[in-house]
Amino acid sequence: MSMYTEKVMEHFKNPRNMGEIPDADGVGTVGNPVCGDLMTVYIKIKNNHIEDIKFKTFGCGAAIATSSMITELAKGKTIEEAMKITRGDVAESLGGLPPIKMHCSNLAADALHAAIKDYQVKKGVKQ
Amino acid sequence: MSARRIYMDCAAGVPVDPRVLEAMKPYFTDVYGNPSSVHSFGQEAKKAVEEARNRITNLIGAEIKDEIIFTSGATESSNLAIKGVAYRNKSKGDHIITSTIEHMSVINAFKYLQKEGFKTTFIPVDKYGVVDLEALKKAITDQTTLVSIMYANGEIGTIEPVKEIGEIVHEKNISFHVDAVAAESQVPINVVNEHIDLLTLSSNDLYGPKGVGALYIKSGTRIQSIIQGGGQEKGLRSGTEDVPGIVGMGKAAEIALKERSQESSRLSKLRDRLIKGVLEKIPYSFLNGHPTKRLPNNANLRFSYIEGESLILSLDMEGVYVSSGSACTSKTLEPSHVLLNIGLKHEEAHGSLLFTLGRHIKEGDVDYVVEILPGIVKRLRMISPLTPKELRG
């Protein structure tokens with residue numbers, strides 16, 4: 001009996017795309033260890049598509065599962081498509097999150113968007 | 001899902017002892033009279049309540065039997081003690097003192113009285129959670145009517161110098177309240193020797209039913225009720241007595257008194273085995289709370305670079321059930337005030353795990369936890385961006 005859905009627990013147990021990309025095109029970090037959640041998302045861009053994506057997360061079960069889920073949702077997407085992925089999409093793909101976790105630990109979409117913006121700034125792309 | 005089920009969260013709740021349950025049973029269906037009734041049905045129930053009162057009296061070394069008031073639990077007991085003494089003595093003074101690491105039932109009763117116009121002082125503790133006696137002495141004024149300090153902290157396990165505090169407080173003719181919930185099943189308590197005027201007790205922490213508690217009140221202590229009604233429990237706790245619950249708490253107290261010494265020395269050994277094993281096997285792991293002045297059943301450990309809820313979930317998957325002081329496991333989304341007030345940073349508090357052992361825990365259970373925990377910590381550190389390179393393996 002868990003407070004989380006099976007899908008959340010499955011991603012927590014077997015997180016997808018966990019790790020770093022040393023030569024990433026964009027890196028986004030959101031959260032703060034003081035609050036208990038910190039996520040970093042690394043992306044590799046090829047032909048305007050997210051060719052590779054990895055994450056590192058300090059935080060609760062929801063923080064780790066949402067990080068894992070965002071990498072699945074974003075991989076292979078165009079930058080424009082990836083920018084449209086919302087926190088709600090992440091929570092929905094995981095079969096929902098406990099209400100108290102919706103704000104504090106559901107930061108993965110923000111981390112992805114921060115990584116894309118970092119890439120755009122580095123490339124000198126206008127936002 | 002693991003086949004094992006090792007419950008190490010005894011500070012949160014324990015099962016009712018089967019002997020307690022047996023003692024309670026007749027009072028649900030056979031002896032159902034109201035202790036306030038004059039007829040034999042009522043008097044039989046009353047006799048059982050009085051017997052339970054005597055058993056609690058014996059547990060804490062109290063002298064006069066009428067000093068035990070039954071309540072709905074420790075939260076009510078502490079509220080009655082603090083508000084009842086503060087209001088009753090308002091004409092004498094409006095200042096009350098407690099510590100920064102008390103249970104929320106004490107801290108929030110103090111905050112409530114603050115809003116009601118009382119002056120409050122929260123005494124700091126050292127890095128082990130021991131109350132600063134010099135700060136206490138300095139805080140006392142001629143307006144102080146109550147000092148409330150816990151016997152031991154259920155979260156970090158630290159046992160407070162209650163007797164010394166009692167001496168300081170009594171020298172000034174101030175009432176001394178002690179929340180003994182974490183300590184009652186673990187260490188001998190003597191309210192007379194330790195200068196305690198009011199003592200909060202919980203039934204479940206003695207392996208009795210939940211929803212029952214008691215407040216010891218030394219005779220002569222100036223206190224008033226906080227709920228109004230039919231005047232049961234010497235007028236201090238109106239409401240028909242929960243006779244089965246009270247009988248259960250009494251039986252639990254009797255068993256605890258008989259078995260506590262042996263059980264505590266058994267648990268101390270298991271606690272030390274757990275702490276030593278974890279600290280030896282896991283780098284960057286630390287003990288929270290006092291290394292020696294510590295409850296026999298308590299091991300509070302923290303692990304750098306990772307967060308407590310993910311530790312709890314990982315242990316749960318291996319059949320081990322524990323708590324954490326992490327914000328992610330609290331209702332307020334703030335880490336434990338106890339961990340912050342012993343000086344830990346937020347990120348350190350987030351990475352803490354609380355193991356509280358009980359009667360069912362065997363050496364093999366401890367060894368299993370020591371065996372699986374290093375792998376769990378290692379995996380979460382692999383995922384964490386805070387982990388330094390040398391620990392990523």
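Where in chain B does Y305(B) lie? In this predicted model, Y305(B) is found in the loop that links β10 (298-303) to α9 (308-317) of chain B. The residue is not a glycine, yet its phi is positive, at about 75°. Y305(B) counts as buried because 20 C-beta neighbours lie inside 10 Å, and a residue with 20 or more such neighbours is classed as buried.

A positive phi in a residue other than glycine also occurs at N173(B), where the angle is near 60°. N173(B) belongs to the loop between α7 (162-171) and β6 (175-179) of chain B. Is N173(B) buried or exposed? N173(B) has 10 C-beta neighbours inside 10 Å and therefore counts as exposed, the limit for that class being 12 or fewer.

Chain A contains six helices and three strands. Read from the N terminus, its elements follow the order α-β-β-β-α-α-α-α-α. The radius of gyration of chain A is 14 Å, close to the 14 Å given by the globule rule for 127 residues, so chain A is as compact as a globular protein of that length. Along the principal axes, the C-alpha atoms of chain A fill a box of roughly 50 × 30 × 25 Å.

Of the 127 residues in chain A, 45% count as buried. When contacts in chain A between residues at least 6 apart in sequence are considered, 63% join residues at least 24 apart.

Technical notes. Residues are numbered from 1 along each chain as its sequence is written. Chains are lettered from A and ligands numbered from 1 in the order in which they are written. This is a predicted model: local features need pLDDT of at least 70, side-chain atom pairs count only at pLDDT 80 or more; totals for chains, interfaces and linings use all residues. Helices (H or I, at least four residues) and strands (E, at least two) are DSSP runs, numbered from the N terminus. The radius of gyration is taken over C-alpha atoms; the globule rule is 2.2 Å times the number of residues to the power 0.38. Two residues are in contact if their C-beta atoms, placed from the backbone, lie within 7 Å.
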